[in-house]
Amino acid sequence: MEAVVFVFSLLDCCALIFLSVYFIITLSDLECDYINARSCCSKLNKWVIPELIGHTIVTMLMLVSLHWFIFLLNLPVATWNIYRFIMVPSGNMGVFDPTEIHNRGQLKSHMKEAMIKLGFHLLCFFMYLYSMILALIND
């Protein structure tokens, strides 16, 4: 059963790594003026909820399977994703808003956040891979 938990977590983490890279590429395209702010934000907002759900599922899975260290490691990122989604001001298009993305350095902060998430998900990927191998060996 433990191996199944880590296989699912590994697959979910691969999807989250893909999303982080997609966010970085799309934001850098906006930064270089290859796409406009409206199309960039609509592309990114489409993937905010799947990212939120994917990370929350893994976090809750670690809680249910009693992997406390991994749960506590994932909890701040999951909480940040939920907070960011809930605190979208009314009238905005979503987490990424085309009218505000160039104001107050939001583009740089979104890019920094995407880079941090990529590093976090890469760390988790290798941690899940190691845990999956240990679970398969111990069964």
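In this report, a residue is called buried under 20% relative accessible area, exposed over 50%, and partly exposed in between, with a 1.4 Å probe and protein chains only. The model is predicted: local features need pLDDT of at least 70, side-chain atom pairs count only at pLDDT 80 or more, and totals for chains, interfaces and linings use all residues. Residues are numbered from 1 along each chain as its sequence is written, and side-chain values use heavy atoms, with hydrogens and water left out.

**Aromatic pairs**

Rings of Phe, Tyr and Trp (for Trp, the six-membered ring) pair if their centres lie within 6.5 Å; planes under 30 degrees apart count as stacked, over 60 as edge-to-face and the rest as tilted.

| Pair | Centre to centre | Angle between planes | Class |
|---|---|---|---|
| W68 and F71 | 6.3 Å | 85° | edge-to-face |
| F125 and F126 | 5.2 Å | 80° | edge-to-face |

W68 and F71 lie three residues apart in helix α4 (residues 68-86), and are therefore separated by about one helical turn. Helices here are DSSP runs (H or I, at least four residues), as strands are (E, at least two), numbered from the N terminus. W68 is partly exposed at 46% relative accessibility, whereas F71 is buried at 10%. In the other tabulated pair, F125 is buried with a relative accessible area of 19%, and F126 is exposed at 54%.

**Helices α1 and α5**

Helix α1 (residues 2-31) packs with helix α5 (residues 106-138) at an angle of about 160°, and the two axes are 8 Å apart. The axes are lines fitted to C-alpha atoms, for helices over the stretch in contact, and angles run from 0 to 180 degrees between N-to-C directions. Because angles over 145 degrees count as roughly antiparallel (under 35 roughly parallel, 65 to 115 roughly perpendicular, the rest oblique), α1 is roughly antiparallel to α5. By residue class, the contact of α1 with α5 has 26 nonpolar, six polar and four charged residues. Here Ala, Val, Leu, Ile, Met, Phe, Trp, Tyr, Cys and Pro count as nonpolar, Asp, Glu, Lys and Arg as charged, and the others, Gly among them, as polar.

Helix α1 has 30 residues and reaches 43 Å from its first C-alpha to its last, close to the 44 Å expected; the expected span is 1.5 Å times one less than the number of residues. Just after α1, D33 takes a positive phi of about 65°.

Q106 is found in α5 and counts as buried at 18% relative accessibility. The C-alpha atoms of Q106 and F96, ten residues apart along the chain, are separated by 9.1 Å.
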